[in-house]
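Here is a structure to read alongside its sequence. Please look at both before going on.

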Amino acid sequence: MKLYQALRNVDKFRTVFDFGGRDVAHWFPGHMAKGLKQMKANLKKVDCIIEIHDARIPLSGRNPVFQDTLDVRPHLLILNKMDLADLSNKQRILKKLEKEGVRNVLFTDCLKQRDINIKKLVPMVMEIIQSKQRFNREENTNYCLMVIGVPNVGKSSLINSMRRTNLKKGRATPVGGEPGITKAVLTRIKVCERPIMYLLDTPGVLPPKIESVETGMKLALCGNILDHLVGEDIIADYLLYSLNRLEKFSYVDKYELEEPCDNIQHVLKRIAAKLGKTQRVKAFTGVGNVTITIPNYTAAAYDFIRAFRKGELGQVMLD
């Protein structure tokens with residue numbers, strides 16, 4: 001779709017999203033609380049904290065509990081899934097992070113077979129470690145890192161990518177497309193030979209209370225909170241609102257719409273028709289029950305969200 005055609009509708013789009021009084025469900029199951037407790041208990045074995053987060057929301061949703069409880073060790077922030085993020089304003093992001101005290105930042109795409117930035121990781125970590133006192137670990141010739149982050153940001157993918165790059169070995173941890181795949185706490189995995197370096201894998205930990213509904217929606221849209229806790233319909237609507245606000249109109253061509261639209265029901269109806277997603281339901285009439293075929297809005301919403309998460313709707317920066 002030509003940009004000038006799309007921009008004709010900009011003044012019709014919502015400028016704010018109506019959350020309808022919703023509150024994002026608290027998602028802090030037992031393994032999260034247990035995981036955070038064990039992370040703190042094992043800090044004395046750790047030389048550096050590697051926090052990994054989604055590059056599409058670099059300023060939103062990072063767990064503040066990490067800063068309060070784990071900030072006693074050198075820290076590196078990895079913004080993963082950079083292939084899905086619009087990094088045209090990368091310097092603005094780095095400046096904002098620096099104001100928050102985060103100076104060591106690396107962008108990665110851990111699913112890529114050869115990510116050049118992964119090769120920078122070990123030298124960068126060594127430089128960070130050597131700039132600080134190691135205290136009780138001063139005599140150790142090997143190094144131990146702890147990887148932390150909210151669910152489904154690519155912690156396991158990072159470990160596998162480091163092993164692939166530095167050890168020429170395959171997967172050590174399972175990878176999934178939804179939060180909650182890693183539940184084991186502090187699995188010790190070798191990720192480098194020279195120098196000898198181990199990484200403690202940890203489960204994703206969300207804060208007990210998410211700071212705002214909008215932050216929660218961004219986390220949900222990026223797949224960091226299970227969809228059903230928020231609702232596929234509201235996530236899909238927030239996605240449509242975000243794409244229109246950012247003037248990202250590739251969904252129009254993908255789903256063969258006539259023009260950008262701000263009505264989620266209309267968009268989902270079109271997606272369902274294009275993909276053949278329908279369902280048969282009983283309609284009650286005055287002369288008896290009739291079975292009719294209607295669009296499957298839930299299936300359409302799921303496809304819309306999945307397309308965004310796979311990068312099929314273009315690169316996006318939600319912050």
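The paragraphs below take up a pair of helices and then some loop residues.

This is a predicted model, in which local features need pLDDT of at least 70 and side-chain atom pairs count only at pLDDT 80 or more, while totals for chains, interfaces and linings use all residues. Residues are numbered from 1 along each chain as its sequence is written, and side-chain values use heavy atoms, with hydrogens and water left out.

Two packed helices are described by the angle between their axes and the distance between the axes. Helix α10 covers residues 232-245 and helix α13 covers residues 297-309; their axes come within 9 Å and cross at roughly 50°. On the α10 side, the contact (heavy atoms within 4.5 Å) is made by Glu232, Ile235, Ala236, Leu239, Leu240 and Leu243. Ala301, Phe304, Ile305 and Phe308 make it on the α13 side. By class, this contact has nine nonpolar residues, one charged and no polar.

Now turn to the loops. Glu247, in the loop between α10 and α11 (250-254), has a positive phi of about 60° although it is not a glycine. Its relative accessibility is 40%, so Glu247 counts as partly exposed (buried means under 20% relative accessible area, exposed over 50%, partly exposed in between, with a 1.4 Å probe and protein chains only).

Lys81 is not a glycine either, yet has a positive phi of about 65°. Lys81 lies between β2 (75-80) and α4 (90-99), and counts as buried because its relative accessibility is 18%.

The loop between β5 (187-192) and β6 (197-201) holds Pro195. The peptide bond that leads from Arg194 to Pro195 is cis, with omega near 0°.

Methods: Axes fitted to C-alpha atoms, helices over the stretch in contact; angles between N-to-C directions. Helix = DSSP H or I, 4+ residues; strand = E, 2+ residues; numbered from the N terminus. Nonpolar A, V, L, I, M, F, W, Y, C, P; charged D, E, K, R; others polar.
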